[in-house]
Amino acid sequence: MRFEFLIGLRYLRARRRERFVSLIAIISLAGVTLGTFTLTVALSVMSGFQEDLRNRLLAFTPQITIERTDGHVWNPSDLASKLAAIPEIAATAPFVTSQVMAVSSTAAGTPGYVSGGVLRALEPHANPVLKELKDTLERGSLAGLETMHKVTIVDHGAKREVELPGAIIGRSLAMELGIQPGDPVILISPASLGAGIGPPRLKRFVVAGYFHSGMYEFDSSLVFVALKDGRTLLADDPQLESGLELRLTNMFDAPALRSRIEAIAGPEFQVNDWTQANAPLFSALKLEKFTYFMVLLLIVLVAAFNIIATLVMVVMERRKEIAILRAMGARAASVASIFLCEGAALGIIGTVIGVGAGYLTSFMIGKYQLIHLPADLFMVSAVPVRLYPINFVLVAVATIVLCVIASIYPALQARSLSPVEVIRYE
């Protein structure tokens, strides 16, 4: 071990008449520890919220969608077979989507509550794209989309039993319409209302279940039906969107794969990925996380100023020892290295304690859900935490670099001391 480091550590242990210098060093160390602790916990919580929100958004947002630019219905099986050759694509599934009006029925058969919604018609059988829908189901099952359900309806005052296809809707939409699983619901194509020619195109469904994703945007609007039933309802809708939705083995490959898929599909198709659909939101989250990092790094910066004050006072107290070292043949660079090592030691010790405590605290918060949130105000009932090693590495590197930079000025002051002048007046 080089003597500069040994002397730097020795200088941190102040003598009895230098207890004040030692107290300042302890305060500096505590500042570094507190700054790194706060920064790591904040980044872990922010990463948890960001990942939780991304997962909730992607639960019902396809990772990649392929649609015709003219909006016409088309058979996607040929294109799906071509895309099967790309190993990064885990699954493909056809879909049809459009705006609809959902109307509940009263016991007398008259229309009840009305709400706008978004119809998503999908292939329910063995559809890997529907994994998130299956995970968020609170009532019913996906099998209810492809089976006919017997239900009693009132038509012109007379009760009759009919078989209707199933639909899965969001829990918030079900509450707005005042319906439960097993109740009928009428879906109306808005395009048929705007045409003004003939009766509106509508179709009755049975609520086969409802889901709860925690995202009000989805829970209050989405209606899932089987693909054949959706095409029947929306056959004359000029705003109809039909195409393929893709699931990837790694969703972060979506932007890179988009250009490859565009080349395979051709100019008559439009390819979008999930980063485009929610670009403003994810950009805002990324900026917010960076802002938190910079603001909380100011705590470490304040501790770095304390390190400057500590080392300047050490230089003043150790002027005689520095002069003796220079007289014994120590180079000026070695003297500067002593105080650089002293500042680095304060930074490393404080960083190890702070980052270690931050990691342990973040792990405990995430594992045991120590901080609870009101479920009716937030999407989650407890603070989510995500431990990314890169966050802890960045905090540690930034802290140690700031502490070393703070040591440069005192090191230069010690380096510039003239041993002759010091020994003469000391």
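**Close-up views of a predicted model**

View 1. An α-helix has 3.6 residues a turn, so residues three or four places apart point the same way. Helices here are DSSP runs of H or I with at least four residues, strands are runs of E with at least two, and both are numbered from the N terminus.

This is a predicted model: local features need pLDDT of at least 70, side-chain atom pairs count only at pLDDT 80 or more, and totals for chains, interfaces and linings use all residues. Residues are numbered from 1 along each chain as its sequence is written, and side-chain values use heavy atoms, with hydrogens and water left out.

**View 2. Helix 9 from end to end.** The 12 residues of helix 9 should span 16 Å at 1.5 Å a residue. The expected span is 1.5 Å times one less than the number of residues. The end C-alpha atoms of helix 9 are 15 Å apart, which agrees. Gly266 follows the helix, with a positive phi near 105°.

**View 3. The largest nonpolar core.** This core holds 38 residues. A nonpolar core is a set of buried Ala, Val, Leu, Ile, Met, Phe, Trp, Tyr and Cys residues joined through side-chain atoms within 4.5 Å. Ile66, Leu83, Leu133 and Ile261 touch the most other members. Helix 9 (residues 254-265) gives the largest share, 4 residues. Another core, of 21 residues, lies apart from it; Ile169, Val185, Val223 and Leu233 are among its members.

**View 4. Around Leu133.** Beyond its neighbours within four places in sequence, Leu133 is in contact (heavy atoms within 4.5 Å) with Phe60, Leu142, Ile168, Phe211 and Phe224.

**View 5. Ser115 in strand 3.** Ser115 belongs to strand 3 (residues 111-122). Its relative accessible area is 11%, so Ser115 is buried. A polar contact of 3.2 Å links the side chains of Ser115 and Glu176. Such a contact is a pair of N or O atoms within 3.5 Å; within protein, one must be able to donate a hydrogen and the other to accept it, and residues adjacent in sequence count only if both atoms are side-chain atoms.

Note on methods: Buried means under 20% relative accessible area, exposed over 50%, partly exposed in between (1.4 Å probe, protein chains only).
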